[in-house]
Amino acid sequence: MTGAAIEATGLGMKYRGRDGGWALRDCSFRLPAGRVCALVGPNGAGKSTLLALAAGFLRPAEGTVQVLGGAPGEARAKMAFVAQDKPLYPQLTVAATLWAGAELNPATWDQDTAERIAGELPRDAGVRSLSGGQRTRLALALALGKRPELLLLDEPMADLDPLARHQLMGALMAEAAEHSTTIVMSSHILTELEGACDYLLLVDGGRVRLGGETDDLLAAHTLLTGPVRDTDPHTVVESRTAGRLQTTLVRRQGPVDTTVWEATEPSLEELLLAHLRSPEAPALLTPSAEAGKEVAAV
């Protein structure tokens with residue numbers, strides 16, 4: 001697929017009553033279509049706001065966001081959004097909820113997918129009687145049954161047990177592989193994202209600090225371990241010293257002197273934690289994540 005699933009330019013969102021007021025400010029990035037994207041960052045970083053703006057539920061205070069080549073409202077029929085609180089009609093049964101999904105999306109509805117994701121949920125049970133994990137499963141069944149081009153998920157697995165999380169993550173990955181669905185998933189569970197997502201957006205302080213292909217971002221960084229000394233010409237993200245040893249995460253600028261340093265590629269968790277602990281580190285977006293640039297087909 002070519003083109004952008006989401007593209008933001010100078011995006012800003014301001015809320016009343018917050019210190020400083022801005023949840024997002026001067027946020028610019030591009031997410032190519034067909035990717036499975038991890039949206040990560042600390043609490044209050046603007047992740048939920050960004051997803052709500054992309055879904056068309058909020059209007060930006062400044063800047064623009066385009067979804068599937070148009071305004072978010074124009075793309076609503078081609079996207080699905082599962083919010084943190086999993087809003088469903090509590091007076092309906094599971095069966096009636098799935099029926100409503102089919103009625104509201106007659107052109108794209110996939111009953112087999114919806115039934116498979118709903119799994120063993122009792123079809124005659126009322127939504128109000130379901131546990132948090134069961135409501136999550138039903139919300140995902142509605143979202144995937146719609147067969148969206150873009151699926152936005154805000155902390156989707158937080159209230160699921162490990163087995164259900166594994167099963168539903170597998171279903172999401174199968175959907176992405178079979179239908180080239182673009183998935184954007186925010187989560188605080190890093191192990192849930194590593195190995196599942198091929199794209200990364202790290203949001204902190206209302207801006208994208210890291211953006212691009214996960215493998216490329218990891219490959220651009222190196223963990224250096226060795227005697228305390230200058231790491232020039234490499235850009236330091238974070239450096240810690242224990243006794244006579246220094247461990248430094250750097251963004252490589254040329255080759256690493258392996259006669260001095262032990263060099264290893266960081267894990268995704270090491271990369272993210274280092275950038276979160278070092279907000280002064282310069283942002284890095286790969287070419288495909290830069291707003292206004294075209295990307296090659298994937």
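His221 counts as buried because its relative accessibility is 1%, where buried means under 20% relative accessible area, exposed over 50% and partly exposed in between (1.4 Å probe, protein chains only). The model is predicted, so local features need pLDDT of at least 70 and side-chain atom pairs count only at pLDDT 80 or more, while totals for chains, interfaces and linings use all residues. Residues are numbered from 1 along each chain as its sequence is written, and side-chain values use heavy atoms, with hydrogens and water left out.

**Around His221**
- You can find His221 in strand S10 (residues 221–227); strands (E, at least two residues) and helices (H or I, at least four) are DSSP runs, numbered from the N terminus.
- The side chains of His221 and His275 make a polar contact at 3.2 Å (a pair of N or O atoms within 3.5 Å; within protein, one must be able to donate a hydrogen and the other to accept it, and residues adjacent in sequence count only if both atoms are side-chain atoms).
- Leaving aside residues up to four places away in sequence, His221 touches several residues, including Leu210, Val237, Arg251, Glu265, Leu271 and His275 (contact means heavy atoms within 4.5 Å).

**Helix H8**
- Leu268, Leu271, Leu272, Ala274 and His275 are buried in helix H8 (residues 268–277).
- These residues are on the same side of H8 because they cover an arc of only 165° around the axis, taken from the directions from the helix axis to the C-beta atoms.

**Aromatic rings**
- The whole structure has 1 aromatic pair (rings of Phe, Tyr and Trp, its six-membered ring, with centres within 6.5 Å; planes under 30 degrees apart count as stacked, over 60 as edge-to-face and the rest as tilted).
- The rings of Phe57 and Phe81 have centres 5.6 Å apart and planes at 35°, so this pair is tilted.
- Phe57 lies in the loop between helix H1 (47–55) and strand S4 (62–67) and Phe81 in strand S5 (residues 79–82), so the pair ties together parts 24 residues apart in sequence.
- Phe57 is exposed at 52% relative accessibility, whereas Phe81 is partly exposed at 23%.
- Arg25 lies over the face of Trp22, 4.0 Å from the ring centre (NZ of Lys or CZ of Arg within 6 Å of the ring centre and within 35 degrees of the ring normal).

**Cysteines**
- There are 0 disulfides in the structure (a disulfide is a pair of cysteine sulfur atoms within 2.5 Å).
- Cys37 is in no disulfide, and its nearest cysteine sulfur, that of Cys197, is 7.1 Å away.
- Cys37 is buried at 0% relative accessibility, and Cys197 is buried at 10%.
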